[in-house]
Amino acid sequence: MQIPAPFDYVRASSVDNALALLDRHGAESRVVAGGHSLLPMMKLRLARPDWLIDINDLFELDYLLIDGQTLRIGAMTRHTTLLESDDVQRLFPIITDAERVIADPIVRNRGTIGGSLCQADPAEDLSTVCHVLEAVAVVRGPAGERMLSMADFHRGPYETAVAQNELLIEVRVPIRAGSSSAYEKVERRVGDWAVAAAGASVTLDSAGAISQVAVGLTAVGLEQNVTEVEAVLVGQTPTEELFTEAGRLASLACDPLADQRGPIDYKRHLADELTRRVLRAACRRAAASASEITI
Amino acid sequence: MTILEDRPSNPAAGDHDRPIGHGRMQRKEDPRFVRGKGHYVDDIVLPGMLHGAILRAPVAHARLVSIDTTEALAHPKVLAVITGTDLQALGLAWAPTLSMDVQAVLVTDKVRFQGQEVAFVVAEDRYAARDALELIQVEYDVLPPVVDARKAMDADAPVIRDDLEGRTDNHIFDWEAGNKAETDAVFASADVVVTQEIVYPRVHPAPMETCGAVADFDPIDGRLTLYETTQAPHAHRTLFAMVSGIPEHKIRVVSPDIGGGFGNKVGIYPGYILAVVGSIVTGKPVKWVEDRSENLMSTSFARDYIMQGEIAATRDGKILALRTNVLADHGAFNATAQPTKYPAGFFHIFTGSYDLQAAHCTVTGVYTNKAPGGVAYACSFRVTEAVYLVERMVDILARKLEMDPAELRLKNFIKPEQFPYPNKTGWEYDSGDYEPTMRLSMKMAGYDELRREQKEKRERGELMGIGISFFTETVGAGPRKDMDILGLGMADGAELRIHPTGKAVVRISVQSQGQGHETTFAQIVAEEIGIPPEDIDVVHGDTDQTPFGLGTYGSRSTPVSGAAVALVARKVREKARFIAAAMLETRPEDLEWEKGRWFVKGDPSIGKTMAEIAMGAHGTVALPEGIDGNLDAEVTYDPPNLTFPFGAYICVVDVDPGTGHVKVRRFIAVDDCGTRINPMIIEGQIHGGLTDGVGMALMEFIEFDAEGNCLGGSFMDYLIPTAMEVPDWETGFTVTPSPHHPIGAKGVGESATVGSPPAVVNAVVDALAPFGVVHMDMPCTPARVWEAMQGRTRPPV
């Protein structure tokens with residue numbers, strides 16, 4: 001049994017209570033939600049918080065709701081809830097694609113979207129998904145709420161804009177007509193972190209041309225979207241040649257490291273291959289949903 | 001003999017209609033396991049028990065400069081901190097390994113691998129013990145490590161084992177088998193020779209339960225009770241007596257339920273010894289249970305063989321000879337567990353299932369700055385490496401000759417009439433009939449149809465591979481005259497006692513780690529004496545309760561202990577005849593046996609059941625001279641030869657050409673383990689072994705960086721397969737009984753682990769044939785497969 005260093009534990013009863021506890025216990029306190037990143041790090045004594053503030057009683061943050069043209073996801077929403085949601089599958093299949101390959105059912109039953117985004121592991125899937133969907137992070141602190149684009153929220157590996165005395169409380173995803181999305185990951189084994197992954201979102205106009213596109217990559221040293229592909233794809237009718245060009249741009253944009261999961265050129269290759277695949281799937285899905293509506 | 005039908009059995013056997021003897025029945029031990037009521041070492045709680053934790057070295061090679069335990073000892077819950085210096089004073093700093101080397105219990109002079117044991121803390125609870133580890137101050141003088149076995153014998157390589165008198169290099173042993181001159185002559189005149197370096201990377205058995213012990217030394221009567229995760233309780237007791245000086249009759253080793261062993265729990269680890277020392281020092285019971293990282297980083301690994309393979313054949317596909325030179329990485333201490341005469345285990349069965357004119361192998365063992373061990377992970381004493389080598393080489397030859405790999409194998413099999421078959425490296429294969437087994441696997445797979453499908457897919461650019469492996473195992477070690485571990489002959493005992501009411505207890509010397517001994521051994525007795533298996537208790541794992549024997553590993557339980565149990569049951573049956581004769585007032589030779597009963601020849605209505613005879617044995621009937629008033633017997637079985645199970649495996653994979661990801665689509669496994677005692681248990685063993693094989697072929701690898709840091713120290717980095725990576729197994733069987741085993745059984749525990757990796761790798765390489773790939777080393781991860789497709793295969797160093 002791996003045993004963490006000694007720590008104190010307190011259970012928060014509300015968001016305000018959690019914020020007060022964070023304020024009271026200061027820099028050496030950490031919130032724990034699903035605990036699937038923090039607790040293993042504590043057991044390896046890589047993380048040694050003095051205080052653990054358990055926010056699992058914050059049921060007020062466990063929700064999925066469609067509010068006009070926005071899907072609002074409470075930060076305590078478990079991966080399983082996202083995976084099993086028909087609304088999510090219909091509106092944002094990229095989330096369903098990603099959730100299907102995030103860890104295993106045991107982790108998905110406990111882990112939360114808020115925990116994933118705040119952990120900001122470079123191989124974490126939902127950060128890429130939220131970048132691609134141009135989601136907005138709602139962060140609450142003593143001074144009230146802040147709305148942050150993913151570009152502002154996600155500052156780099158293991159780093160976000162959430163201050164020590166703040167909590168991510170909600171993720172807002174804009175709903176766009178004619179839009180669809182896809183995610184694909186290569187892993188050495190089910191439940192392993194990504195060797196590399198890619199996500200794409202596209203919006204097709206009534207003529208079938210791409211009016212909006214976003215491509216993001218996971219685990220290859222690119223925290224933001226592959227912005228280069230927009231100029232190439234927007235206004236164009238999807239073709240295999242365009243996907244190939246987008247893949248080429250993605251492989252150039254990323255900056256992977258060699259590790260046990262593979263060498264640099266393989267990861268660049270995956271950035272290319274997976275970009276093509278997710279664009280292909282997202283365009284196919286967007287076209288299919290457009291044809292369903294016209295029927 | 002080959003038959004394709006199960007013995008009479010009841011596929012849906014529940015509580016009713018169980019076989020009285022061999023056949024399919026649910027496992028007697030499962031109710032406690034499926035209800036979470038198994039009782040493992042970590043479940044043992046003794047009054048006043050303390051907890052130990054081990055401080056481990058953070059680097060692979062370093063001189064120990066100083067160690068300061070003051071702060072740790074000042075921890076209010078710490079009772080003792082033991083260092084190598086303390087052990088030196090007791091003469092316990094070094095302990096013998098199972099390979100006649102020594103291993104440091106705690107570092108005294110030099111750290112030799114990352115994760116090596118440096119100090120032992122005993123505290124009131126396991127939390128305090130762990131906390132106190134951080135309070136021990138150690139200063140190391142870091143030395144350059146030897147990580148790559150290929151460089152271990154370089155002139156400028158650091159000498160790892162400078163503790164050994166006169167040691168100036170990292171060489172451990174050279175060993176060879178077969179005839180070099182004959183083999184070289186055959187190679188010199190052969191039409192075709194193919195050569196390939198084949199690396200079997202370092203892997204780890206990774207049992208679900210990590211290793212641990214609870215030591216309870218009674219200072220009043222000097223008696224030690226040691227609860228241990230061990231596959232060999234009796235051998236451990238003898239070795240503890242030899243090492244510790246505690247007399248053997250004062251030591252009791254108990255191996256309770258064991259959560260998987262796979263060879264990982266054969267050796268004696270420093271933690272076990274430290275728990276004992278901790279108990280002696282504090283006068284209280286001490287529990288030590290390692291965590292997952294400790295298990296992966298410090299306990300017995302498996303494989304790590306770099307093999308230069310060569311195969312010679314005629315142009316029309318007659319295989320003539322095999323030869324190989326192997327470099328074996330044994331880590332920092334030579335701690336493999338195998339029969340003394342065989343430093344490379346049974347690797348010389350690398351001639352496989354083929355009739356060869358000549359064969360020769362050499363194996364050189366070297367030290368590196370890695371964890372010790374070597375024979376583990378269901379390897380059948382290195383048969384795993386041997387089968388992998390020959391089955392890869394045969395496939396490479398098939399490619400060279402442009403022959404179908406199934407056809408090449410069929411053409412070269414040892415023929416049934418050649419058994420018992422003396423191979424070219426000193427084995428005598430007891431029995432075999434390979435072709436029907438191979439044909440059955442091909443029929444089950446729909447082999448020709450698969451090849452047609454593959455051809456079509458290749459034309460469309462899809463990558464599908466079909467891999468074959470035909471293995472011959474050698475298990476059931478072994479004959480005492482040839483096989484011992486530290487001088488202990490590899491025999492096993494069995495004692496059978498029939499209680500007056502006709503219920504029985506059989507006591508065995510082997511220890512189950514999940515194999516189902518409590519069921520299988522009861523069924524063996526049931527078959528022989530006709531008492532239902534549920535009326536027969538199987539006792540194992542406690543040296544105070546069981547006869548001496550060498551334990552469970554190398555698939556030896558059924559070949560050795562199973563034979564002992566069958567023979568002891570026959571002894572009881574024969575004794576019962578005399579008692580029945582006395583009861584019936586007739587002569588023993590006038591009685592005839594039917595299952596469960598002796599009756600008068602010609603008059604079946606007059607007879608005595610085993611229960612009646614048992615009561616009679618303990619009753620008042622006058623017994624003939626020389627017959628004791630009981631129905632008990634004991635046997636120690638010394639096997640005349642090993643047994644040679646075999647099987648034909650076919651694996652079908654699909655490889656994603658864009659990502660290199662391998663999906664195992666189908667796996668057909670036809671096993672021949674001789675007489676099948678409980679087909680359900682056999683299938684379970686096969687399923688587990690096949691899963692191991694897929695794991696090794698696709699993902700498992702204990703990797704080290706250039707500094708000797710272990711990169712496989714958690715399940716995040718050391719991947720083991722899940723249900724998602726394996727297909728629905730398609731199993732079949734043939735039955736070729738062992739001619740020398742009392743019931744014809746051969747053992748099956750490791751067959752699938754031995755046989756399946758080459759089938760998977762052969763399938764992956766077959767899938768990659770359009771890219772000109774002839775060989776790639778395991779693990780076939782997506783990245784490595786993609787690199788192979790780019791023409792950049794690389795060994796897993």
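This is a predicted model: local features need pLDDT of at least 70, side-chain atom pairs count only at pLDDT 80 or more; totals for chains, interfaces and linings use all residues.
Let me begin with chain A, for which the domain assignment gives domain 1, covering 8-54, domain 2, covering 59-174, and domain 3, covering 179-294. If we look at domain 2 and domain 3 of chain A, their C-alpha centres lie 20 Å apart, and the contact of these two domains of chain A involves 20 residues of domain 2 and 25 residues of domain 3. On the side of domain 2 of chain A that touches domain 3 of chain A, at least two residues each come from helix 5, helix 8 (125-132) and strand 8 (154-156) of chain A. Which of these elements gives the most to that side of domain 2 of chain A? Helix 8 of chain A does, with 5 residues. Sorted by class, that side of domain 2 of chain A, the one touching domain 3 of chain A, has 12 nonpolar, 4 polar and 4 charged residues.

In our case, strand 11 of chain A pairs with strand 12 of chain A, residues 194-204, over 9 bridges in the antiparallel sense, and if you want a place to look, A:Ser179 stands opposite A:Thr203, which is in strand 12 of chain A.

One more helix of chain A deserves a word, namely helix 11, residues 240-253, whose 14 residues reach 20 Å from the first C-alpha to the last, close to the 20 Å expected at 1.5 Å a residue. The buried residues of helix 11 of chain A include A:Phe243, A:Leu249 and A:Ala253.

Now to chain B, where the domain assignment gives domain 1, made of 417-477 + 642-797, and domain 2, which covers 491-637. The C-alpha centres of these two domains of chain B lie 39 Å apart, and their contact takes 18 residues from domain 1 of chain B and 16 residues from domain 2 of chain B.

In chain B I would also point to helix 9, residues 383-401, which has 19 residues and reaches 27 Å from its first C-alpha to its last, close to the 27 Å expected at 1.5 Å a residue. Why is helix 9 of chain B largely enclosed by the rest of the structure? It is so because 16 of its 19 residues are buried. Just after helix 9 of chain B, B:Glu402 takes a positive phi of about 55°.

Finally, we come to the chains together: 23 residues of chain B are in contact with 19 residues of chain A. On the side of chain B that touches chain A, the elements giving two or more residues are helix 4 (126-133) and helix 18 (782-789) of chain B, and by class this side of chain B has 10 nonpolar, 5 polar and 8 charged residues.

Note on methods. Residues are numbered from 1 along each chain as its sequence is written. Chains are lettered from A and ligands numbered from 1 in the order in which they are written. Two residues are in contact if their C-beta atoms, placed from the backbone, lie within 7 Å. Helices (H or I, at least four residues) and strands (E, at least two) are DSSP runs, numbered from the N terminus. Ala, Val, Leu, Ile, Met, Phe, Trp, Tyr, Cys and Pro count as nonpolar, Asp, Glu, Lys and Arg as charged, and the others, Gly among them, as polar. Two strands pair if DSSP finds at least two bridges between them. Domain bounds come from an automatic or database domain assignment. The expected span of a helix is 1.5 Å times one less than its number of residues. A residue is buried if 20 or more other C-beta atoms lie within 10 Å of its own, exposed if 12 or fewer, and partly exposed in between; C-beta atoms are placed from the backbone.
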